[in-house]
Amino acid sequence: MDEQDRIGRYITEALDARGGSATLIDVAKHIWDQHEVDLRAAGDLFYRWQYVMRWSANRLAKSGTLVFDKTHRGVWHLGAPPMSGR
């Protein structure tokens, strides 16, 4: 498993823990809170993990696992974004 897959798992875990939707900042906070020890032990990834998080998010978006909210900048969703109150 490459580092983008690893961080991708952390992203989906963070979104799942927040009901399927969260801001980029909340995803990063969750990853740090839950995986700080792993990240510190990951060599150079420790210094690049937030960049890798963005690259991993793009990979997840291309696969349809993650959707970037077009109306709320910096909000990520698992799968399709929730329907607005219509």
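A: What follows takes the helices in turn, then a few single residues.

A: Ground rules come before that. This is a predicted model, where local features need pLDDT of at least 70, side-chain atom pairs count only at pLDDT 80 or more, and totals for chains, interfaces and linings use all residues. Residues are numbered from 1 along each chain as its sequence is written, and side-chain values use heavy atoms, with hydrogens and water left out.

Q: Start with H3. What does it span between its end C-alpha atoms?
A: Helix H3 covers residues 45-63 and spans only 23 Å. A straight helix of 19 residues would span 27 Å at 1.5 Å a residue. That expected span is 1.5 Å times one less than the number of residues. Helices (H or I, at least four residues) and strands (E, at least two) are DSSP runs, numbered from the N terminus.

Q: Where is the kink in H3 centred?
A: On Tyr 51, and the kink is about 40 degrees. The bend at a residue is the angle between axes fitted to the seven residues ending there and the seven starting there.

Q: Which residues of H3 are buried?
A: Leu 45, Trp 49, Val 52, Met 53, Ser 56, Ala 57 and Leu 60. Buried means under 20% relative accessible area, exposed over 50%, and partly exposed in between (1.4 Å probe, protein chains only).

Q: And what do they pack against?
A: Helix H1 (3-17), helix H2 (24-40), strand E2 (66-68) and strand E3 (75-78). Contact means heavy atoms within 4.5 Å.

Q: What happens just after H3?
A: Gly 64 takes a positive phi of about 90 degrees.

Q: At what angle do H1 and H3 pack?
A: About 75 degrees, with their axes 8 Å apart. Axes are lines fitted to C-alpha atoms, for helices over the stretch in contact, and angles run from 0 to 180 degrees between N-to-C directions. H1 and H3 are therefore roughly perpendicular to each other. Angles under 35 degrees count as roughly parallel, over 145 as roughly antiparallel, 65 to 115 as roughly perpendicular and the rest as oblique.

Q: Which residues make that contact?
A: From H1 they include Ile 7, Gly 8 and Ile 11. Val 52, Met 53 and Trp 55 are among those from H3.

Q: New topic: H2. Where is its kink?
A: Centred on Gln 34, at about 70 degrees. H2 spans only 20 Å between its end C-alpha atoms, whereas a straight helix of 17 residues would span 24 Å at 1.5 Å a residue.

Q: What covers the buried residues of H2?
A: The cover includes H1, strand E1 (21-23), H3 and E3. Among the buried residues of H2 are Val 27, His 30 and Ile 31.

Q: Is His 30 buried or exposed?
A: Buried, with a relative accessible area of 9%. His 30 touches Glu 13, Ala 14, Ala 17 and Arg 18, not counting residues up to four places away in sequence.

Q: How far is Ala 14 from His 30, C-alpha to C-alpha?
A: They are 5.8 Å apart in space and 16 residues apart in sequence. Ala 14 is found in helix H1 and is buried, at 0% relative accessible area.

Q: What about Ala 17, buried or exposed?
A: Exposed, with a relative accessible area of 53%. Ala 17 also lies in helix H1.

Q: Last one: where does Trp 76 lie?
A: In strand E3. Trp 76 is buried, at 2% relative accessible area. The C-alpha atoms of Trp 76 and Leu 15 are separated by 7.8 Å, though the two are 61 residues apart along the chain.
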